[in-house]
Amino acid sequence: MRAIIAWILLLPSALLAAETGEKLFQTHCAPCHGPKGEGGRGANLAVRKLPRAPDDAALAAIIATGIPGTQMPATRMTAEESAQLVRFVRSLGKSQSAAVPGDRANGEKLFWSKGNCGQCHTVGARGGHIGPDLTDVGARRGPAYLRTSILQPEADIPENFASYRKLIYMPDNYLRVHAVTQDGKEITGERVDEDTFTIQIRDDQDHLFSFRKDELRELRKDWGKSPMPSYQGVFSAQELQDVIAWLASLQGAL
Ligand code: HEC
Ligand code: HEC
C-alpha cells in the first residue's frame, strides 16, 4: 500500500520532469537539431554516442558554454533544467533513428562522378579543399540540412547573419572574395585567412595566394555568397536521395 502511494506521489513529478526536458529541447535546441534531434543545421543528436559529449557532465558543459568557433551557442539555464535536458537528449539516442533510405554505394559513385563534388570537398584522404571536409558530415548535419545544402547552397547564409560574421571569425564561414592586384590581375576565391595587413585566398582551381592588402587595387568581400553551385535539376530525385544517404552515413573516424 505504501509503495503504491509513493508511486502515485512520484509519478506526476517524473512525468513533469520528462515533459520539461522535452519542452526545453523544443524551445532551445530543436530549431537547429530538429524536433526529434535528428539533426539539421546542428548535429544529429539521435545517436548512441555523441563524439563531443561522451558523458552527462560533458553534455551539460556543452549546453552551458556552446562549442566555440561553431554555430552551437551557449544556453543559460538552471542546474535542474540542465539535468532534465541532458536526460532528454540521452533518451533521443536510445530511440536510434533508422538509417536514411537510399543506395549509399550509388550515392558515393555519383558524388565522385556526376556531381564532381570531390573537386571541392574532401572525404577521408580524397578530394579538394575549397569546401568543408565532409568526412564526418553525417555526424554533424541531418538529412534535411544535407538536402538544402545541395539544392540551395546559399540558404544557410542569411543576410542578418552576414554582419554578425564580419565581427566574429568562424571556421565554417566560407567567404567569397574578389581581389584585383596593382597590375590588374583578378583573383576570385575563398578567404583562407586574414589579418589586419594581409589576406590569403584560395582560387577555384585550388591555387593559394597571399597578398599584402596595401598592394591590392581592390578587395571585395561577398558575404552570403557560396561558390558551391546549386544541384537543382542535376540529379534525379532517386539519385539525390542516394547521395544524401551516403553523406548521412559519413560519421568520421569514430
Ligand atoms: C543555432 C543552432 C544551434 C542551437 C540553437 C543548438 N545547437 Fe547544438 N550544435 C549546433 C551545431 C552547428 C553543432 C555542431 C558543431 C560542430 O561541431 O561544428 C552543434 C553541436 C551540438 C552537440 C555536440 C554533438 C557532438 O558532436 O557530440 C551537442 C551535444 C549539442 N549541439 C546539443 C545542443 C543542445 C542540448 C541544444 C539546446 C540547449 C543545442 N545544441 C542548441 C547548433 C545548434
Ligand atoms: C565549386 C566547389 C563546390 C562543389 C563542386 C560542391 N561544393 Fe559543397 N560546398 C562548397 C562550399 C564552399 C561550401 C561551404 C559554403 C556553403 O555552405 O555554401 C559547401 C558546402 C557543402 C555542404 C554543407 C557542409 C556543412 O558542413 O555545412 C554540403 C553537405 C555539401 N557542400 C555537399 C556537396 C555535394 C554533395 C556536392 C556535389 C553534388 C558539392 N557539395 C559540390 C563548395 C562546393
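Helices α5 and α9 are roughly perpendicular to each other, a label for angles of 65 to 115 degrees, with under 35 degrees counting as roughly parallel, over 145 as roughly antiparallel and the rest as oblique. The model here is predicted, so local features need pLDDT of at least 70 and side-chain atom pairs count only at pLDDT 80 or more, while totals for chains, interfaces and linings use all residues. Residues are numbered from 1 along each chain as its sequence is written, chains are lettered from A and ligands numbered from 1 in the order in which they are written, and side-chain values use heavy atoms, with hydrogens and water left out.

The axes of α5 (residues 104-112) and α9 come within 7 Å and cross at roughly 100 degrees. Axes are lines fitted to C-alpha atoms, for helices over the stretch in contact, and angles run from 0 to 180 degrees between N-to-C directions. Helices are DSSP runs (H or I, at least four residues), numbered from the N terminus. On the α5 side, the contact (heavy atoms within 4.5 Å) takes in R104, N106, G107, E108, L110, F111 and W112, which meet E239, D242, V243, A245, W246 and L247 of α9. By class, that makes 7 nonpolar, 2 polar and 4 charged residues. Nonpolar here covers Ala, Val, Leu, Ile, Met, Phe, Trp, Tyr, Cys and Pro, charged covers Asp, Glu, Lys and Arg, and the others, Gly among them, are polar.

Helix α9 (residues 237-248) also crosses α7 (residues 143-151), with axes that come within 10 Å at roughly 125 degrees. That angle is why α7 counts as oblique to α9. The crossing of α7 and α9 is right-handed, meaning that the near helix is turned clockwise from the far one by less than a right angle. From α7, the residues P143, L146, R147, I150 and L151 meet L240, Q241, V243, I244, L247 and A248 of α9. This contact of α7 with α9 splits into 9 nonpolar, 1 polar and 1 charged residue.

Now for ligand 2, which is surrounded by 26 residues, the closest being C117, C120, H121, S226 and M228; a residue is near a molecule if one of its heavy atoms lies within 4 Å of it. Polar contacts (pairs of N or O atoms within 3.5 Å) include one between a polar side-chain atom of H121 and a nitrogen atom of ligand 2, at 2.8 Å. An oxygen atom of ligand 2 sits 3.0 Å from a side-chain N or O atom of Y145, and an oxygen atom of the ligand is 3.2 Å from a polar backbone atom of P153. The elements giving two or more residues to this shell are α7 and α9, and α7 gives the most, with 4 residues. The shell around ligand 2 divides into 18 nonpolar, 6 polar and 2 charged residues.

Ligand 1 has 24 residues around it, with C29, C32, H33, R52 and M72 the closest. A nitrogen atom of ligand 1 is 2.7 Å from a side-chain N or O atom of H33. On the oxygen side, ligand 1 has an oxygen atom 2.5 Å from a side-chain N or O atom of R52 and an oxygen atom 3.3 Å from a polar backbone atom of P51. Helices α2 (30-33), α3 (56-65) and α4 (79-94) each supply at least two residues of the shell, the largest share, 3 residues, coming from α3. The tally around ligand 1 is 15 nonpolar, 6 polar and 3 charged.

Methods: A polar contact is a pair of N or O atoms within 3.5 Å; within protein, one must be able to donate a hydrogen and the other to accept it, and residues adjacent in sequence count only if both atoms are side-chain atoms.
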